Amino acid sequence: MFRRKRLAAFGVLGGTVTLMVASLAAPASAEVIQSGCSGSATFSNGVTVTESTPLSEVFEVPDKDDNVMYTGMINLPPADEPEPFSGDVSVRLPLGQSWVAANWPVPPGETESVSDSGTYSYEVPGFVPRGTGGLEVTAFHQQRGVTCEVAVSLALAGSPGPAALVGTAGTIVFGLGVGAAGSRRRFT
Amino acid sequence: MKGRPILGIISGFMFGLFLGPTLFMWGVIPLHSELMWILPLLGIVLGLVMAWWAPFGRKTSTASAEAMSGQSTPADNDQADNA
């Protein structure tokens, strides 16, 4: 009787975790959130992402400092005189938060052009775990009333390292704590 | 509640808190996944359910413990004295 109950309890715990993991599949969504532009970014390992890259595909990019060759164009005729513009590249975080990795214009200014290309250098701090799940990176640009927003999924190459092991150990320890919460108290 | 609800709440919360980033670091879920904040809440519920259900350990009560040990109760002793 008790053995059956214990097996059922383990079944509930296992089933809960399985359901949690099974429900993780992100719904397919458009990679171009707001249209009106095109662009690409090419990393040193040969990975190229464009505005038509599916969001469901996760691309591994170099985990160390890298130079990214980029191009970008907003679907507008060239301006006759300088006009204000703004944009950024951000990483989506939980709870609707985001971390801005780069923004423009720096320094503040105006432009006549509707396209740009060049090389952007980035550095990844050592504490950022590698080989993780996807990071949704969003590029946003606004100019002359036209807004463009494109998202791609990227992940840093490499293995997660000690942080993942610490997380796994913590999960196991507190999972056992949840199991211990299911042990009967002794009444006297 | 037959189990340990406080332990269940704390352990369940911490279990979910560790599980989300662990799944992310092993590449199972993306960083922006809503599960990052849902899992700690689910963990609390799971801990409370486990504490309520209490499937581990033996059922113990004073009466059954005495019956199993075969010891006499104070009432039995009084009856014996009267006889």
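Here is a short chat about a predicted model with chains A and B.

Residues count from 1 along each chain as its sequence is written, and chains are lettered from A in the order in which they are written. Because the model is predicted, local features need pLDDT of at least 70 and side-chain atom pairs count only at pLDDT 80 or more, while totals for chains, interfaces and linings use all residues.

Visitor: Which element gives the most to the side of chain A that touches chain B?
Guide: Residues are in contact if their C-beta atoms, placed from the backbone, lie within 7 Å. On that basis chain A brings 41 residues and chain B 41 residues. Helices here are DSSP runs (H or I, at least four residues) and strands are too (E, at least two), numbered from the N terminus. With 13 residues, the top giver is α2(A).

Visitor: How are α1(B) and α2(B) oriented to each other?
Guide: Axes are lines fitted to C-alpha atoms over the stretch in contact, with angles from 0 to 180 degrees between N-to-C directions. These helices pack at about 150 degrees, axes 7 Å apart. Angles under 35 degrees count as roughly parallel, over 145 as roughly antiparallel, 65 to 115 as roughly perpendicular and the rest as oblique. The pair is therefore roughly antiparallel.

Key:
Contact = placed C-beta atoms within 7 Å.
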